[in-house]
Amino acid sequence: MKRRDFLATASMTALGMGTMSRSFSSDGPPSRTTPLVADYWGTQFYDEKELDQLKDVHHSRLPFRWYGTGKQPPMKVATFEKEFATRMQTRFALAVTSGTSALQTALAALQIGPGDEVILPAWTWHSCFNTIVLAGALPVFAEIDESFNIDPEDIESRITPQTKVILAAHLQGNPCDMDRIMPIAARHNLKVLEDCAQSVGASYKGRPLGSIGHIGIYSLQLNKTITAGEGGAVVSNDPVLFERAARFHDLGALRSVHQKVLGQPQLDGFIAPQFRMNEFSGGVLLAQLRKLDTIVNAARANARRVYDGIRDLPNLHLRRLPDPAGELGSAIFLGFKTKQQRDQYMAAMEKENIPVGPPAGSINLPVVPHIEKKITVHPAWPSFNSERGKSIRYGAGCCPRTTDILARFAGVSMDPKFTMRDTQDIVAAIRKVYPSVAAS
């Protein structure tokens with residue numbers, strides 16, 4: 001099973017979908033004769049550029065980012081960091097091994113540990129919750145709104161004297177409402193960690209995601225906008241946060257490349273793990289990064305053709321977009337009054353050979369059994385052994401509005417390589433199916 005298939009299945013299981021409800025029939029031949037398939041974005045753009053980067057590393061015999069034989073230092077990862085910082089409009093960028101290690105590094109940079117609380121959306125990927133717990137801190141769930149992102153209206157009620165960070169995850173290509181989140185953080189003297197794992201290349205009101213909060217992270221795994229199969233990055237404009245991140249990702253040390261970027265170090269070394277990116281990954285990501293705007297522009301153009309083709313439908317209920325110009329256009333999500341209507345829409349679109357599915361790429365985390373039971377690798381783990389940690393409750397009653405929203409939306413996945421005919425078929429199928437289902 002592909003990870004994408006796993007995510008869809010896991011999402012349906014978490015929402016209690018099981019099998020579809022009764023199918024909704026539509027008249028006439030299907031919109032397509034064969035099913036429309038969206039593929040992984042970044043790998044579709046692989047060409048000689050990625051291969052040349054790999055050959056460079058192979059021929060130089062310098063796969064480790066810091067040193068090797070000869071006088072010339074390895075430069076693939078260092079160059080990627082420099083160009084990534086420029087693209088994301090931040091002072092600093094750090095390459096790491098995955099989006100999960102990027103989250104762990106960012107939380108360490110923010111000095112999150114036992115006794116601290118981090119507010120995160122109930123609907124996001126496991127890594128967000130896991131890395132908070134691995135830091136010894138306590139995850140506190142907030143509801144999402146119809147953007148599928150954290151609901152700013154629900155943040156302040158979750159803040160306690162122990163709260164240190166708001167984790168704003170920009171999910172499925174859609175930016176959070178940062179104009180509302182940042183003032184909340186400022187009022188309560190909190191830091192904002194932007195999780196841009198599912199929205200690499202997206203923006204909010206002209207600013208790249210990751211450059212708005214205090215620190216940002218990205219995933220460069222197969223499902224993401226650009227990819228080396230696995231990889232991640234951390235960005236910040238704060239030199240202390242960056243130095244702590246750089247040290248944390250490399251056993252507490254500060255290498256000369258990062259010291260040169262920073263200037264005079266401000267911190268001492270400390271105990272830390274090791275999340276260094278290798279030069280093969282750095283080379284592939286450098287080639288991919290130089291194609292990022294091409295990929296994003298193509299995806300957005302396809303999504304906008306679909307939006308324009310359905311905008312006049314009566315009572316159209318789209319996913320909320322805090323900045324329509326800034327989203328990636330990863331999927332076109334439509335909302336319904338009930339879960340039954342949503343399931344009818346999914347079944348009818350399947351017959352049109354335009355598969356649609358519920359929100360995916362994340363999990364309704366509070367209802368995951370081991371999260372609800374607060375199971376950790378060691379029974380004395382600090383996150384859930386304080387009075388507050390013992391009292392906090394997850395499960396179905398934690399964020400009921402999140403469950404309701406996820407059960408009423410379904411979307412067709414988009415692809416930067418879709419043809420004009422593909423987008424026309426999507427529009428035709430939605431126009432054929434949606435009005436009847438929404439009115440049923």
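**Exercise 1. A loop residue with positive phi**

Find where asparagine 189 sits in this predicted model, and decide whether asparagine 189 counts as buried or exposed.

*Solution.* Start with the location: asparagine 189 lies in the loop that links helix H6 (178-187) to E6. Next, look at the backbone. Asparagine 189 is not a glycine, yet its phi is positive, at about 55°. Finally, check the accessibility. The cut-off for exposed is over 50% relative accessible area. Asparagine 189 has 71% relative accessibility, so it counts as exposed.

**Exercise 2. Another positive phi**

*Solution.* Lysine 374 belongs to the loop between helix H12 (369-372) and helix H13 (387-391). Its phi is near 55°, again a positive value in a residue other than glycine. For the last step, remember that buried means under 20% relative accessible area. Lysine 374 has 19% relative accessibility and therefore counts as buried.

**Exercise 3. Reading the sheet**

Work out the strand order of the open sheet of 7 strands, and say which strands stand at its edges.

*Solution.* Follow the strands across the sheet: the order is E1-E10-E9-E6-E5-E2-E4, and the pairing is mixed. Strand E1 (92-96) and strand E4 (138-142) are at the edges; each has a single partner strand, so one side of each has no neighbour in the sheet. From one strand to the next, the twist averages 20°.

Strand E6 (residues 191-195) and strand E9 (residues 215-219) run in the parallel sense, with 3 bridges; here glutamate 194 stands opposite glycine 216 in E9. Two helices also pack on the sheet. Helix H3 (residues 76-87) touches E1, E9 and strand E10 (232-236), and its direction makes about 135° with that of E1. H7 touches E1, E9 and E10 too, but its direction makes about 15° with that of E1. For the second pair, E1 and E10 pair in the antiparallel sense over 5 bridges, and valine 96 has glycine 232 as its bridge partner in E10.

**Exercise 4. An edge strand under cover**

Find how many residues of E1 are buried, and sort them by face.

*Solution.* Count first: 5 of the 5 residues of E1 are buried, so the strand is largely enclosed by the rest of the structure. Then recall a general rule: side chains in a regular strand alternate between the two faces of the sheet. In E1, Phe92, Leu94 and Val96 are on one side, and Ala93 and Ala95 are on the other. Both faces are covered.

**Exercise 5. Two helices and a threonine**

Describe how helix H4 (residues 99-109) packs against helix H7 (residues 239-248), then find what threonine 105 touches.

*Solution.* Begin with the geometry: the two helices pack at an angle of about 130°, and their axes are 8 Å apart. That angle makes H4 oblique to H7. The crossing of H4 past H7 is right-handed.

Next come the residues. From H4, Gln104, Thr105, Ala108 and Ala109 meet Leu241, Arg244, Ala245 and Phe248 of H7. Sorted by class, this contact has 5 nonpolar, 2 polar and 1 charged residues.

Last, zoom in on threonine 105 in helix H4. Its relative accessible area is 0%, so threonine 105 is buried. Beyond its neighbours within four places in sequence, threonine 105 is in contact with Leu94, Val96, Val234, Ala245, Phe248, His249 and Phe275.

Conventions
Residues are numbered from 1 along each chain as its sequence is written. This is a predicted model: local features need pLDDT of at least 70, side-chain atom pairs count only at pLDDT 80 or more; totals for chains, interfaces and linings use all residues. Side-chain values use heavy atoms; hydrogens and water are left out. Axes are lines fitted to C-alpha atoms, for helices over the stretch in contact, and angles run from 0 to 180 degrees between N-to-C directions. Helices (H or I, at least four residues) and strands (E, at least two) are DSSP runs, numbered from the N terminus. Angles under 35 degrees count as roughly parallel, over 145 as roughly antiparallel, 65 to 115 as roughly perpendicular and the rest as oblique. A crossing is left-handed if the near helix is turned anticlockwise from the far one by less than a right angle, and right-handed if clockwise. Contact means heavy atoms within 4.5 Å. Ala, Val, Leu, Ile, Met, Phe, Trp, Tyr, Cys and Pro count as nonpolar, Asp, Glu, Lys and Arg as charged, and the others, Gly among them, as polar. Buried means under 20% relative accessible area, exposed over 50%, partly exposed in between (1.4 Å probe, protein chains only). Two strands pair if DSSP finds at least two bridges between them.
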